[in-house]
Amino acid sequence: MGPSLRELGLNIVAVANQKGGVGKTVTTLNLAAGLARVGQRVLVIDGDPQGNLTLLLGRRAAVPASPDAPAPASRARKPSPHDLSELLLAIAEKKSVAISGFIEKGVRRGLDLIPSRNRRMRLELGDTEIRAAASGFATLLARLAEHYDWVLMDTSPSNGPLERALIAACEAVVIPLEFQLFSVAGLEAILSEVRECAVDHGREIRAHALVFVKAENKVSRIDEYRKVFARFRLPVFEICRSEYVPRSIERRKTLWEAAPASYAARDYSRIIDKSFLG
Ligand SMILES: Nc1ncnc2c1ncn2[C@@H]1O[C@H](COP(=O)(O)OP(=O)(O)OP(=O)(O)O)[C@@H](O)[C@H]1O
Ligand SMILES: [Mg+2]
């Protein structure tokens with residue numbers, strides 16, 4: 001199984017795979033919420049300009065009230081005014097950064113969020129800005145991580161300078177994928193990207209675990225796939241295919257909120273116990 005992240009003293013973790021739709025966002029959400037549920041303080045970062053994780057976890061801006069509507073009884077907690085793209089831009093432009101303006105505190109108990117709401121992130125942040133921001137962002141994240149038990153980052157299905165800068169700021173990578181022959185090439189690609197990020201930035205980044213999502217024993221040749229992936233010598237976890245996953249997502253809930261007794265929740269708990277807290 002290998003040592004846990006806690007044993008290794010690593011607490012900044014990216015959930016990454018360049019392939020789309022393999023369960024990165026669902027895995028980030030439920031690992032983060034599962035860790036918070038057992039009393040860990042967690043910062044989640046939505047590193048995907050699509051902002052899916054922000055949609056699931058973040059606060060929505062209040063609908064402007066009509067002038068004659070009654071005043072709200074208490075001041076609603078607002079979404080963070082700034083998002084990750086603005087943070088990266090501020091770092092690239094060497095502006096002084098008050099990090100609290102970028103964090104939505106307590107989106108769930110024990111869970112804070114740096115949101116992404118900017119689908120134009122890639123356009124607004126040119127390669128030069130991203131390169132300029134990369135090392136400052138890594139330093140800032142390392143400092144922030146001292147205030148949390150875990151920092152978890154969702155990433156986008158891409159491998160441009162933005163993804164590299166985000167991965168380079170992490171200490172370990174958890175890779176969700178599906179049991180398919182195509183996943184082998186995808187896995188090789190993300191492992192080599194992680195190695196390149198580590199070399200480029202002169203730091204170690206640990207490929208920590210593979211998480212096969214939507215695992216079904218009836219998939220033909222599953223034992224053959226298990227053997228194929230064993231050659232990567234990484235701890236392997238499986239999250240069963242479960243209708244509760246899409247259902248919980250539709251309701252903008254974590255599995256712990258929507259279906260804590262589901263097999264999928266049990267499978268995420270196992271990763272948390274063995275691979276994070278162990
Ligand atoms: N264990 C599971 N059982 C059933 N469906 C699942 C499971 N895990 C994920 N899914 C579904 O798979 C789809 C893709 O999941 P998700 O959005 O997390 O992938 P992603 O890698 O983040 O995608 P993208 O690359 O677009 O960001 C979603 O519809 C989700 O509900
Ligand atoms: Mg996603």
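**The sheet and its neighbours**

Guide: The model is predicted. Its open sheet is formed by eight strands, ordered E3-E4-E2-E5-E1-E6-E7-E8, and the pairing is mixed.

Visitor: What makes E3 and E8 the edge strands?

Guide: E3 and strand E8 (236–240) each pair on one side only. From one strand to the next, the twist averages 25°.

Visitor: Which helix packs on the sheet, touching E6 and E7?

Guide: Helix H8 (residues 182–201) does so, touching strand E6 (172–177) and strand E7 (206–215). The direction of H8 makes about 165° with that of E6. The limit for roughly antiparallel is over 145 degrees.

Visitor: Why is H2 called roughly perpendicular to H12?

Guide: The axes of helix H2 (residues 24–37) and helix H12 (residues 263–277) cross at roughly 70° and come within 9 Å. Angles of 65 to 115 degrees count as roughly perpendicular, and H2 is therefore roughly perpendicular to H12. On the H2 side the contact is made by Asn 30, Leu 31, Gly 34 and Leu 35, and on the H12 side by Tyr 268, Ser 269, Ile 271, Ile 272 and Phe 276. By class, the residues of this contact of H2 with H12 are six nonpolar, three polar and no charged.

Visitor: Why are H6 and H7 described as roughly parallel?

Guide: The axes of helix H6 (residues 127–145) and H7 cross at roughly 5° and come within 9 Å. Angles under 35 degrees count as roughly parallel, so H6 and H7 are roughly parallel to each other. Asp 127, Ile 130, Arg 131, Ala 133, Ala 134, Phe 137 and Ala 138 in H6 meet Pro 161, Leu 162, Ala 165 and Ala 168 in H7. The contact of H6 with H7 has nine nonpolar, no polar and two charged residues.

**A residue of H7**

Visitor: Why is Glu 163 called buried?

Guide: Glu 163 is found in helix H7 (residues 161–168). A residue is buried if 20 or more other C-beta atoms lie within 10 Å; Glu 163 has 23 within 10 Å, and is therefore buried. Leaving aside neighbours within four places in sequence, Glu 163 is in contact with Thr 155, Ser 156 and Ser 158. Glu 163 and Gly 202 are 39 residues apart in sequence, and their C-alpha atoms are 17 Å apart in space.

**The ligand shell**

Visitor: How many residues surround ligand 1, and which are the closest?

Guide: Ligand 1 is surrounded by 19 residues, the closest being Gly 20, Lys 24, Thr 25, Val 26 and Pro 157. H2, E7 and helix H10 (244–250) are the elements that give two or more residues to the shell. By class, the shell around ligand 1 has nine nonpolar, six polar and four charged residues.

Methods
Residues numbered from 1 in each chain as written. Chains lettered and ligands numbered in written order. Predicted model: local features only at pLDDT ≥ 70, side-chain atom pairs only at ≥ 80, totals over all residues. Helix = DSSP H or I, 4+ residues; strand = E, 2+ residues; numbered from the N terminus. Buried ≥ 20, exposed ≤ 12 C-beta atoms within 10 Å, placed from the backbone. Contact = placed C-beta atoms within 7 Å. Pairing = 2+ DSSP bridges. Axes fitted to C-alpha atoms, helices over the stretch in contact; angles between N-to-C directions. Nonpolar A, V, L, I, M, F, W, Y, C, P; charged D, E, K, R; others polar. Near = placed C-beta within 6 Å.
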